[in-house]
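I hope they are handy while you have the coordinates open.

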Amino acid sequence: MKLGFISSILDTYSFEEVIDTAAALGYECVEVACWPKEKAARRYAGITHIDIEALTDDKIAYINEYCSRKKVEISALAYYPNTITDNEKERKKAVDHLKAMINAAPKLHVDTITTFIGRVQNLTVEENLKIFKEVWTPIIKLAEEHKVRIAIENCPMLFGPDQWPGGQNLMTTPAIWRKAFELIPSDFFGLNYDPSHFVWQQIDYIKPLYEFKDKIFHVHYKDIKVYPDKLNDVGIMAYPLDFMSPKLPGLGDVDWGKYVSALTDIGYDGYSCIEIEDKAFEGSTERIIDSLRISYRYMRQFVI
């Protein structure tokens with residue numbers, strides 16, 4: 001496995017500064033944020049370290065040469081929108097950008113795109129699965145044509161009242177994964193596996209690794225801390241941020257030794273990226289760099 005981080009935490013940095021930071025800290029890869037250049041709709045979104053729309057042959061050659069020179073690989077192109085929102089204009093914009101990324105990825109020597117399925121948050125899972133099949137069948141077909149793998153992160157995108165009641169990402173549980181993979185069977189449609197989202201959902205985050213080993217294209221290292229006193233007060237039907245918080249790896253409830261051990265059991269030898277969303281490390285640029293340094297030091301004991 002190669003150890004990296006998702007670049008969205010360095011939101012004010014240029015592409016070159018992101019790659020330089022990775023190289024200086026010892027990281028081997030970066031999952032590069034590729035949102036369209038527009039105002040962010042939420043934290044850690046709307047970040048553009050590679051502007052897909054502005055790519056030219058010269059720019060592509062420059063990016064490839066810069067990464068090669070710095071010995072830092074691009075693990076995936078990252079874009080996490082709601083591609084099946086009921087806002088037709090926003091849906092089209094998200095799908096069009098995702099397709100542009102699929103077209104661009106091979107030129108950047110990248111074979112994976114990390115993203116969300118999205119969800120109409122007020123509709124049932126069954127209703128959303130119908131929309132998913134309609135919207136995503138042509139996306140996956142295009143991915144197959146370009147031999148680009150689509151890795152869906154299992155984040156429910158349900159944190160507070162804005163995402164209530166169903167969240168804004170459909171593929172959040174093993175049960176839903178099975179249905180989605182049956183509806184669109186493809187070797188290029190799989191998962192960006194993040195154990196932290198299973199912690200607060202009270203789902204075993206180790207067992208699914210074995211069942212879905214052939215669908216795991218990319219993995220995240222992000223931790224979650226559940227506060228039992230808060231959970232006892234509000235219950236599991238509350239907004240999740242009322243009883244949990246994202247943390248750096250090693251500062252929450254994930255058993256990272258068991259997680260990485262399971263990854264080695266299934267023969268996973270792909271890219272693995274730290275995702276930092278810990279508010280305790282957002283006060284300054286120095287604290288953000290500290291978070292990358294601390295996370296690297298902690299995860300390096302498992303990822304050799």
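1. Let me begin with Phe-198, a residue of helix H6; helices (H or I, at least four residues) and strands (E, at least two) are DSSP runs, numbered from the N terminus. Phe-198 has 0% relative accessibility and therefore counts as buried, where buried means under 20% relative accessible area, exposed over 50%, and partly exposed in between (1.4 Å probe, protein chains only). Leaving aside residues up to four places away in sequence, Phe-198 touches a set that includes Asn-154, Thr-172, Pro-174, Trp-177, Tyr-193 and Pro-208; contact means heavy atoms within 4.5 Å. Ile-224 lies 26 residues from Phe-198 in sequence, with 9.2 Å between their C-alpha atoms.

2. A word on what you are looking at: this is a predicted model, in which local features need pLDDT of at least 70 and side-chain atom pairs count only at pLDDT 80 or more, while totals for chains, interfaces and linings use all residues. Residues are numbered from 1 along each chain as its sequence is written, and side-chain values use heavy atoms, with hydrogens and water left out.

3. Two of the contacts of Phe-198, Pro-174 and Trp-177, bring us to helix H5 (residues 174-183), where Pro-174, Ile-176, Trp-177, Ala-180 and Phe-181 are buried. These residues sit on the same side of H5, because they cover an arc of only 150 degrees around the axis; the arc is that of the directions from the helix axis to the C-beta atoms. Their cover includes H4, S6, helix H6 (196-201) and helix H7 (207-211).

4. How many strands close into the barrel, and in what order? There are 8, in the order S1-S2-S3-S4-S5-S6-S7-S10, and the pairing is parallel; two strands pair if DSSP finds at least two bridges between them. Neighbouring strands of this sheet are turned by 30 degrees against each other on average, direction ignored. Over the whole chain there are 10 helices and 10 strands.

5. S4 (residues 112-115) runs parallel to S5 (residues 149-153), joined to it by 4 bridges, and Thr-115 stands opposite Ile-152 in S5. With S3, S4 pairs in the parallel sense over 2 bridges; here Leu-77 is opposite Ile-113 in S4. Both faces of S4 are covered, with Thr-112 and Thr-114 buried on one side and Ile-113 and Thr-115 buried on the other.

6. Which strands do the packing helices touch? Helix H3 (residues 88-104) packs on the sheet against S3 (73-78), S4 and S5, its direction making about 160 degrees with that of S4. Helix H4 (residues 125-146) lies across S4, S5 and S6 (189-193), at about 140 degrees to S5. Axes are lines fitted to C-alpha atoms, for helices over the stretch in contact, and angles run from 0 to 180 degrees between N-to-C directions.

7. Helix H1 (residues 15-25) has Phe-15, Val-18, Ile-19, Thr-21, Ala-22 and Leu-25 as its buried residues. They are on the same side of H1, because their arc around the axis is only 160 degrees. They pack against strand S1 (2-6), strand S2 (29-33), helix H2 (57-70) and helix H10 (285-299). After H1 comes Gly-26, with a positive phi near 100 degrees.

8. Most residues other than glycine have a negative phi, and most peptide bonds are trans. The bond from Trp-164 to Pro-165 is cis, with omega near 5 degrees, and Pro-165 is in the loop between S5 and H5. Met-157, also found in the loop between S5 and H5, has a positive phi of about 50 degrees although it is not a glycine, and at 5% relative accessibility Met-157 counts as buried. Gln-202, in the loop between H6 and H7, has a positive phi of about 60 degrees; at 56% relative accessibility, Gln-202 counts as exposed.

9. Finally, the chain as a whole. Buried residues make up 56% of its 304 residues. Among contacts between residues at least 6 apart in sequence, 77% join residues at least 24 apart. The C-alpha atoms fill a box of roughly 55 × 40 × 40 Å, taken along the principal axes.
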